Amino acid sequence: MSFAELQLHPSILKAIDACGYTEPTPIQEKAIPMAMAGHDLIATAQTGTGKTAAFVLPALQRLNVPSTGTGRGPRMLILTPTRELANQITDSIRSYGKFMRVKSCAILGGMPYREQLRLLSQPVDIVIATPGRLIDHLDNRRIDLRRLEMLILDEADRMLDMGFTEDVDKIAAAAPSNRQTLMFTATMDNTMAQLAQRLLNSPERITIAGKKATLENIEQRLHVADDLRHKNRLLQHFVSDITVTKAIIFSATKRDADALAQELYEQGHKVAALHGDMNQGARNRTITDMRRGKVRLLVATDVAARGLDVSGISHVINFDLPKFAEDYVHRIGRTGRAGASGVAISFASLNDQNYLDKIERFIGQPLPQHVIPGLEPTRGLRPKSTTSRGHKRGAPTAGRKSNAAPASRWSDNGAESGAGNGKSRIKKWGAPKTSKAVTVEYRGAGANRPSRRVI
Ligand code: AMP
């Protein structure tokens, strides 16, 4: 299918063309016609599937018809869990709407109120907001939702996880009941279904791409680590590899992210930390630096990295495994974006076994285990006969080879990726650069974790 067949306005088609998109992704192909027909929609789609355009394009299309409502409030409201995601949506609106007259503004926590009040005092077409800050403005009657035509909830599951349920309900209640509501979520459980029941009106449902299909460009590897010290040695190995052109390293806590970034900086790497304790200006600067190649290694926590769209991230390294299995999918989705391929490396020690089990259950496949010669673990993970899907844990795959080519980027046939079957490509890692031993105080949480020592 082509974008032209979606009957989008010529100015939108021109912008899509300028973005270099040749065909709609599966979520776009399904969601755009339904949204343009005025239906409410629940779309289950992961990050990286092109879901942003799936709701931004119908919103822009609708703006071509003048509003019949009164007031200056937004015609479209996009709620999103994090500021980074909101900024990316704002950028997408700018790109896809560049041949139209569209007035959009972002209302986010961490931004000065004065500037937001100025923006909200003018007529606006699209507001992109995080729920907490929008509620402040709603409570103070600074935003008028009476002429709202479309309410879009992006990463709705994450908003609920972050405790925004009440805020989302309150915002929806302030909007006209005949509005159109589109809900995008990576996961669908009871709480989500209840939210949908409260806010949506006879919604159409779309489920795109099993979790596996969205990961198909990403080669996943598991490295078993004996302890924190072993993890540090593994990290040393990877950050010294020249094929790691741009990487995000995920740590469990903000303090760990700072400490790890500091250590890598002291070793001479172009590194920055990204976490929720940084103010928005610093977060934006860091992301821009990464986009421009000034930062090669970004040490981040989950909250800050949610929705991050930086092209050319070659590797995601889970220094610490995420607590929630769905965060694993979000994390590794930072690489392998827009048709590129990527590598996702996860370190796990025996203590992480439960998290690992949850992740493997969630993605429906065991993570293929790799070992680096000279950095073999002395202990294995808890032996398990089978995973939830009956797979035996893959033996270490170092030394095995596969020529499995990644399947089509946008295919949604749920096909098992090559990476998931122990068929991952094998990389000949260069010998790690040795750097002077530094011992730093371990400033992270968890009293029973040993001091971080970097070799
Ligand atoms: P998203 O899932 O919205 O975060 O999009 C993931 C990436 O896919 C972004 O970098 C988009 O620019 C890109 N993208 C979105 N739609 C298309 C398309 N139809 N063809 C190629 N790339 C796309």
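**Salt bridges, a parallel sheet and its helices**

In this predicted model, a search of the whole structure finds 18 salt bridges. One of them joins Lys 51 to Glu 155, whose closest N and O atoms are 3.4 Å apart. Because Lys 51 belongs to helix H3 and Glu 155 to the loop between strand E5 and helix H7, this pair ties together parts that lie 104 residues apart in sequence. Both Lys 51 and Glu 155 are buried.

A second salt bridge links the side chains of Arg 283 and Glu 84, at 2.9 Å from N to O. Arg 283 sits in helix H13 and Glu 84 in helix H4, so parts 199 residues apart in sequence are tied together here, and these two residues are likewise buried. Arg 158 and Asp 327 also meet in a salt bridge, at 2.8 Å from N to O; since Arg 158 lies in helix H7 and Asp 327 in helix H15, the pair ties together parts 169 residues apart in sequence.

Helix H13, residues 280–291, leads on to a sheet, for it lies across strands E9, E10 and E11 and runs at about 140° to E10. The sheet is open and has 6 strands, paired in parallel in the order E8-E13-E12-E9-E11-E10. Strands E8 and E10 stand at its edges with a single partner strand each, so one side of each is left without a neighbour in the sheet. Within the sheet, 4 bridges join strand E12 to strand E13, and Val 316 stands opposite Ala 344 in E13.

Helix H12, residues 254–266, reaches 18 Å from its first C-alpha to its last, and its buried residues include Asp 256, Leu 260 and Leu 264. Just after H12, Gly 268 takes a positive phi of about 95°.

Definitions and conventions
Residues numbered from 1 in each chain as written. Predicted model: local features only at pLDDT ≥ 70, side-chain atom pairs only at ≥ 80, totals over all residues. Heavy atoms only, no water. Helix = DSSP H or I, 4+ residues; strand = E, 2+ residues; numbered from the N terminus. Expected span 1.5 Å × (residues − 1). Buried < 20%, exposed > 50% of the residue type's maximum accessible area, 1.4 Å probe, protein only. Pairing = 2+ DSSP bridges. Contact = heavy atoms within 4.5 Å. Axes fitted to C-alpha atoms, helices over the stretch in contact; angles between N-to-C directions. Salt bridge = Lys/Arg side-chain N within 4 Å of Asp/Glu carboxyl O.
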